[in-house]
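Let us walk through a protein model together, one step at a time.

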Amino acid sequence: MRRKIYEKLLEWKSRNGESALLIKGARRVGKSYIVEEFAKKEYKSYIKIDFNDIPEDTLNLIFSNASLL
């Protein structure tokens with residue numbers, strides 16, 4: 001089943017990287033699933049970064065230095 005969000009992702013992809021993408025929504029509604037399915041179908045390769053799988057001390061290190069970027 002194709003969702004409306006998939007069409008929005010295709011629209012975003014057609015902009016050729018002119019903007020970043022942020023997907024927000026309630027927990028456990030399929031945000032990660034649809035993005036991963038989109039990546040599998042629409043790109044030859046992709047990188048998945050899941051901040052839920054990163055230890056808290058590493059997250060603190062990454063985001064405490066974010067202002068330096």
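The areas themselves come from the Shrake-Rupley method with a 1.4 Å probe, and for residues only the protein chains shown count as cover. What you see is a predicted model, in which local features need pLDDT of at least 70 and side-chain atom pairs count only at pLDDT 80 or more, while totals for chains, interfaces and linings use all residues. Residues are numbered from 1 along each chain as its sequence is written, and side-chain values use heavy atoms, with hydrogens and water left out.

Start with the overall plan. The chain holds three helices and zero strands, where helices (H or I, at least four residues) and strands (E, at least two) are DSSP runs numbered from the N terminus. Read from the N terminus, the order of elements is α-α-α. Of the 69 residues in the chain, 10% are buried. The chain exposes about 6500 Å², and carbon and sulfur atoms supply 54% of that area. Now take contacts, meaning heavy atoms within 4.5 Å. Among those between residues at least 6 apart in sequence, 52% join residues at least 24 apart.

Next, find the loop between helix 1 (4–13) and helix 2 (31–42), where N16 has its place. N16 shows a positive phi of about 55° although it is not a glycine. Is N16 buried or exposed? With 70% relative accessibility, N16 counts as exposed. R28 lies in the loop between helix 1 and helix 2 too. Its phi is near 60°, again a positive value in a residue other than glycine. At 81% relative accessibility, R28 counts as exposed.

Now follow the chain into helix 2. How far apart are the end C-alpha atoms of helix 2? The expected span of a helix is 1.5 Å times one less than its number of residues. For the twelve residues of helix 2 that gives 16 Å, and the end C-alpha atoms are 16 Å apart, so the two agree. Within this helix, I34, E37, F38 and A39 are buried.

Let us look at the rings. Rings of Phe, Tyr and Trp (its six-membered ring) pair if their centres lie within 6.5 Å; planes under 30 degrees apart count as stacked, over 60 as edge-to-face and the rest as tilted. By this rule there are two aromatic pairs. In one of them, the rings of Y6 and F38 have centres 5.3 Å apart and planes at 75°, so the pair is edge-to-face. Because Y6 lies in helix 1 and F38 in helix 2, this pair ties together parts that are 32 residues apart in sequence. Both Y6 and F38 are buried. F38 also pairs edge-to-face with Y43, at 6.0 Å centre to centre and 75° between the planes. The relative accessible area of F38 is 4%, whereas Y43, at 33% relative accessibility, counts as partly exposed.

A charge sits over a ring if NZ of Lys or CZ of Arg is within 6 Å of the ring centre and within 35 degrees of the ring normal. The charged end of K13 sits over the ring of Y43, 4.8 Å from its centre.

Finally, turn to the salt bridges, each a side-chain nitrogen of Lys or Arg within 4 Å of a carboxyl oxygen of Asp or Glu. The count comes to four. One of them joins K13 and E42, with the closest N and O atoms 3.6 Å apart. This pair links distant parts of the chain, K13 in helix 1 and E42 in helix 2, 29 residues apart. K13 is partly exposed at 27% relative accessibility, and E42 is partly exposed at 24%. Another salt bridge joins E36 and K48 (3.3 Å, N to O). E36 lies in helix 2 and K48 in the loop between helix 2 and helix 3 (56–64), so the pair ties together parts twelve residues apart in sequence. R15 and E11 form a salt bridge too, their closest N and O atoms being 3.1 Å apart.

Key
Buried means under 20% relative accessible area, exposed over 50%, partly exposed in between (1.4 Å probe, protein chains only).
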